[in-house]
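Hi,

Here's the structure I promised to pass on.

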Amino acid sequence: MSHDGLRRSALPLHPLLNARFSPRAFSDRDVSEAELELVLEAARWASSSMNEQPWRFLVTRRGGKGHAELLAALNPSNQAWADKAPVLILNLVKRTLSRNGLENYHARHDLGLATAQLTAQATALGMGLHILGGFHADVARASFAIPEEFDLVSVIVLGFPGDAELLADNLKEREIHHSQRRPLNELVFHGEFNG
Ligand SMILES: Cc1cc2nc3c(=O)[nH]c(=O)nc-3n(C[C@H](O)[C@H](O)[C@H](O)COP(=O)(O)O)c2cc1C
């Protein structure tokens, strides 16, 4: 399925935002080194509190070092489709500020910004990207000997869109009928908070 044909919001959002969704169908097409570098470079230029840049990305390629270990840390329901994608990335944050060792309250916020930029660049390249929280952080921490000062937050499944028809029936349905959103008036308040 091409991302170009998708349009989710009724408003004229930028096509990069309107086309994005979290796919589960990935094609055989590999991600080149140049494409991978570009999406990581997009993340690199995100803003962050005090320019701490607390994000870290542990990149693994299907058949390459660390991939089987990261795949094994995913929940089985995610493994069932994520194993087809050529790239899995473990997203981490450094918990403390480099300047004074205090807790970085905005660390996960800033990782979110960086992954949003990564996602926009990947979408611009025609790629499909699905972020996962369904993984066992303790398993991944042990597999990669990650020090305690880093939190393991999420996993990015990255590749190129595939054929939804090849998915299992329960997943096919979710691939075709994209998720909905709350209306703006449930999310936005003007001058006072009454949520
Ligand atoms: C932090 C985070 C964790 C997520 N964890 C999972 C997951 O474990 N499994 C899954 O299939 N999707 C996961 N998702 C995808 C969300 O379910 C999806 O983004 C949401 O339903 C909205 O759909 P859309 O991205 O297609 O617009 C996660 C997304 C985020 C941002």
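**Around the ligand**

A polar side-chain atom of Asn78 sits 2.9 Å from a nitrogen atom of the ligand; a polar contact here is a pair of N or O atoms within 3.5 Å. Arg20 also puts a polar side-chain atom 2.9 Å from the ligand, at an oxygen atom. With Gly134 the backbone is involved: one of its N or O atoms lies 2.9 Å from an oxygen atom of the ligand. The protein covers 61% of the 620 Å² of accessible area that the ligand has on its own (Shrake-Rupley, 1.4 Å probe).

Before you read too much into that: this is a predicted model, where local features need pLDDT of at least 70, side-chain atom pairs count only at pLDDT 80 or more, and totals for chains, interfaces and linings use all residues. Residues are numbered from 1 along each chain as its sequence is written, and side-chain values use heavy atoms, without hydrogens and water.

The shell has 14 residues, the closest being Ser22, Arg24, His130, Gly133 and Arg181 (a residue counts if one of its heavy atoms lies within 4 Å). Strand 3 gives the largest share, three residues. Helices (H or I, at least four residues) and strands (E, at least two) are DSSP runs, numbered from the N terminus.

Four strands form an open sheet in the order 1-2-4-3, with antiparallel pairing; strands pair if DSSP finds at least two bridges between them. At the edges are strand 1 (55-61) and strand 3 (128-132), each pairing on one side only. Strand 2 (residues 87-94) and strand 4 (residues 150-159) share eight bridges, and Asn91 has Ser154 in strand 4 as its bridge partner. Helix 6 (residues 137-144) packs on the sheet, touching strands 1, 2 and 4, with its direction at about 90° to that of strand 4. Contact means heavy atoms within 4.5 Å; axes are lines fitted to C-alpha atoms, for helices over the stretch in contact, and angles run from 0 to 180 degrees between N-to-C directions.

Cheers

Technical notes
A polar contact is a pair of N or O atoms within 3.5 Å; within protein, one must be able to donate a hydrogen and the other to accept it, and residues adjacent in sequence count only if both atoms are side-chain atoms.
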